[in-house]
Amino acid sequence: MNESGTDNGALVHVDGVGKVFHRGSEDIHVLTDLHLQVPAGEFLALMGPSGSGKTTLLNLIGGLDRPTEGSVTIAGESVHQLSDRRLAGWRARHIGFVFQLYNLMPTLTTERNVELPLLLTHLSKSERKKHVAAALAMVGLSHRAGHYPRTLSGGEQQRAGIARGIVTDPTLLLCDEPTGDLDRKAGDEILKLLHALNREHGKTIIMVTHDPHAPARAARTVYLNKGQLSSEPLA
Amino acid sequence: MTGPLHWILQVGAITKFGLLSIPQRRGAVTATVIGVAGVVAVLVGVLSIAAGFQKVMAVSGSPDSAIVLRSGADSEMVSGFGRDQTRVIGDAPGVARNDRGPLSSAELFVIINLPKRATGLDANVPLRGIESAAWQVRDDMQIVQGRMFEWGKDEVIVGSGAAREFAGLNVGSKIKVGRYEWPVVGVFSAKGGVPESEIWSDAKVLQAAYNRGDSFQSVRVRLNSPGAFQEFKDSLTSNPQLNVKVIRQSDYYVEQSETLTRLIATLGFLIAFLMAIGAVFSALNTMYSAVAARTREIATLRALGFGSGAVVVSLLIEALLLAVVGGVIGGSLAYLAFNNLHTSTMNFQSFSQVAFAFQVTPRLLVRGVVWAAVIGLIGGLFPAIRAARLPVALALREL
C-alpha cells in the first residue's frame, strides 16, 4: 500500500510508482505501487533499511531514473514523461542534489564547485559570483571559498555540496545520505544546517538517511521497507 | 536551458575538468601523445623526401624554356639526334636569340660511376655534354667555386649537389671518363635544381671520349616567351624532317619526378597508416581510462543538468587536444631531424642520382596535424559515447 499526505496542492506527487530492475533473467521489484506527496516547504526524512529502495525513490523524484510504472509529478511537471535532454534541463532548473560522498570536482576550488550549476543558467559572470557568495555565506563557508576540496574537512565538503545544491534556488533539494560519511558532530551540524535552510529559507527538502537524529530535525519522517512506505518505523 | 552560448559554456566547463585531471592520468596521456607524435614524425619525415625531390624538379625548369627529345622517348637516356636535326630545332620559330645565334643547347647525356660519400658505394652520376647556350637555357646558373671549363679541353665542372654527395668531385681532383681522367675545375649552382646533381663538360669533347660521333640526346632552348611554346612545338612536330617530342622544361621535370614521388608518398602513407592504427588504440585506451577515472564526476555533472551532448563534445575536444599536441611535437621533431637534410636518390626515369634536401614544408606540417586530429577524434569517439550513455543513477555511486 502506501503512505502520504493527502494535500492535492503538494509540490511532489508520486502516484502508483513501481520500479523493477532486471538482473539477467531475474526481475527485482524495488518499489511497488508507491504513493507519496510532499507539500512545498516541507523537510521530509526518508528512512529505512539498506536496499529498501530509498535512493531509488529519490532518483525517480530527481529525474535521474524513470519508474517502471506510475507517475512522478513535480510542481505540475510530469517528470517521467520528459525526454533525456529536457530532463537534464529540468534538473538544472528545479533540483538541487546533495550526495553522501559530496561529489565535488577535485580540480576546482570550493567557489568554482558551487558555481557549476550556475553555468547552466543565463546569469552573467558577476551575477554568478554574487549567487556563489550568497550560497557559501548561507552554509557558513565563505572563508573557504578559494580552497580545494582535498583541503576541506568532511563536514566542510558537505557544506560546499549543500551550497552547490541551493545556489540556483531550486524547487526541491534532494539529499542522499548527507551525513552518511561524517562523524556524529559534523553530521549534526549538517542536519542543523538543512533544518535552518528549511525553516529560515523555506527550502523544500527530501532527505534519504539512516541517521537516527534525522527525525528530530525533519518536519516529517516516512519509512520505506520492501517497497512500501509507512509513517511508523518497523518494529 | 537553451542557447548555443550556454551550451558552449557547458562544453568548456567539462573540457576544463578533463584537462585539469590530466596530471592524475599522465602515464596514459603521455603514451598517447608520444604515439601520435611518432605517427606524425614518420609521416612528415617520409613525405618530406618526396617534397624535397619535387622541389628540386620544380625549380629546374621555367615555362619559357623547352626540351626536345626524339618522339617516344621518356627521358634523354633513350633519345637521340644528329647535328643537322639539332640545327633545325635551334632555328625554329619562337626560339630566343642573342648576338651569337639561337639560345639552343644540343646536349649529350652519359652516366658514370662514382662512390657516394655517405656509403662509399658506387652510384650512377649524370655527365652532361653541353654547348655554350646551356647557361642561357637554364635559370640562375653560376660558378660558385673554381672556374668554367675551357671549350675543347678535357675538363669538367660539377654541380654543388653532386660535389656534396659524391666522393672525388672537389676542385682539383680528377674523375674517370671512359679511358681518360679529366680534372674538376669548378663547381656551379643552379638554384637547387636538377643540374646541381650533374657533371658538365664540353659536348664535343664528351662525344669524342665516348665515340658518339656528332650525335646528341636532347636539345634545350630558351623561348621568346612562355606563349611562344605552341608556335615552337607546332613548327617542329609538323616538320617532316623531324620526329620529335617537345615539352616545356617545367613539365618535363614534373613528369620525371612523378614515379619517385608517388612511390615515396605511397610508402609514407602506408607506414603512417599502420602506425596510426596503433596510435588510435592508444588514444582509445587513454580516453577510456579518462572516462573510467571520472565516471562519478561525469555522472555528477549529468545529475546537475549538464547534457550528454556536451559530455561527448568535451571528451572529443580533450582527445583532439592531446592528439594535436602529439601532432605538433611530431611535426617539430620531423622538422628538426629532417628539414634540409641533404641526400641523393635514384631518378627512375634517367637511372641517375638526383641530389636533394628533405623539405618539411608548412603544408606537410599541417597535413601531419590533420592526421593527428583524425587519430584523436577516432580515439575519443567511442569513450565519449560511453560516457554519455552512463546510467547516471548507477554511476553516481561509483567510488
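1. Start with Trp200(B). In this predicted model, the residue has a relative accessibility of 0% and therefore counts as buried. The cut-off for that label is under 20% relative accessible area.

2. Trp200(B) has a ring partner in Trp135(B). The two form an edge-to-face aromatic pair. Their centres are 5.8 Å apart, with 80° between the planes. Trp135(B) and Trp200(B) are both buried.

3. Trp200(B) also pairs with Phe188(B). This aromatic pair is tilted, at 4.7 Å centre to centre and 35° between the planes. Phe188(B) belongs to strand 10 (residues 180-189) of chain B, and Trp200(B) to strand 11. The two residues are twelve apart, and the pair links distant parts of the chain. Phe188(B) has a relative accessible area of 0%, so this residue is buried too.

4. Taken together, the ring pairs join Trp135(B), Phe188(B) and Trp200(B) into a cluster. Over all chains, the count of aromatic pairs comes to eight.

5. Now the fold of chain A. The chain contains seven helices and ten strands.

6. Overall dimensions of chain A. The radius of gyration is 17 Å; a compact globule of 235 residues would come out near 18 Å, so the value agrees with that expectation. Along the principal axes, the C-alpha atoms fill a box of roughly 50 × 40 × 40 Å.

7. Burial and surface of chain A. Of the 235 residues, 56% are buried. The chain exposes about 10,200 Å². Carbon and sulfur atoms supply 49% of that area.

8. Charge in chain A. There are 25 positive and 25 negative side chains. The centres of the two sets lie 8 Å apart.

Technical notes
Residues numbered from 1 in each chain as written. Chains lettered and ligands numbered in written order. Predicted model: local features only at pLDDT ≥ 70, side-chain atom pairs only at ≥ 80, totals over all residues. Heavy atoms only, no water. Phe/Tyr/Trp six-rings, centres within 6.5 Å; stacked < 30°, edge-to-face > 60°. Buried < 20%, exposed > 50% of the residue type's maximum accessible area, 1.4 Å probe, protein only. Helix = DSSP H or I, 4+ residues; strand = E, 2+ residues; numbered from the N terminus. Rg over C-alpha atoms; globule rule 2.2 N^0.38 Å. Areas by Shrake-Rupley, 256 points an atom, 1.4 Å probe, with all protein chains shown as cover. Lys, Arg positive; Asp, Glu negative; His and termini not counted. Charge placed at Lys NZ, Arg CZ, Asp CG, Glu CD.
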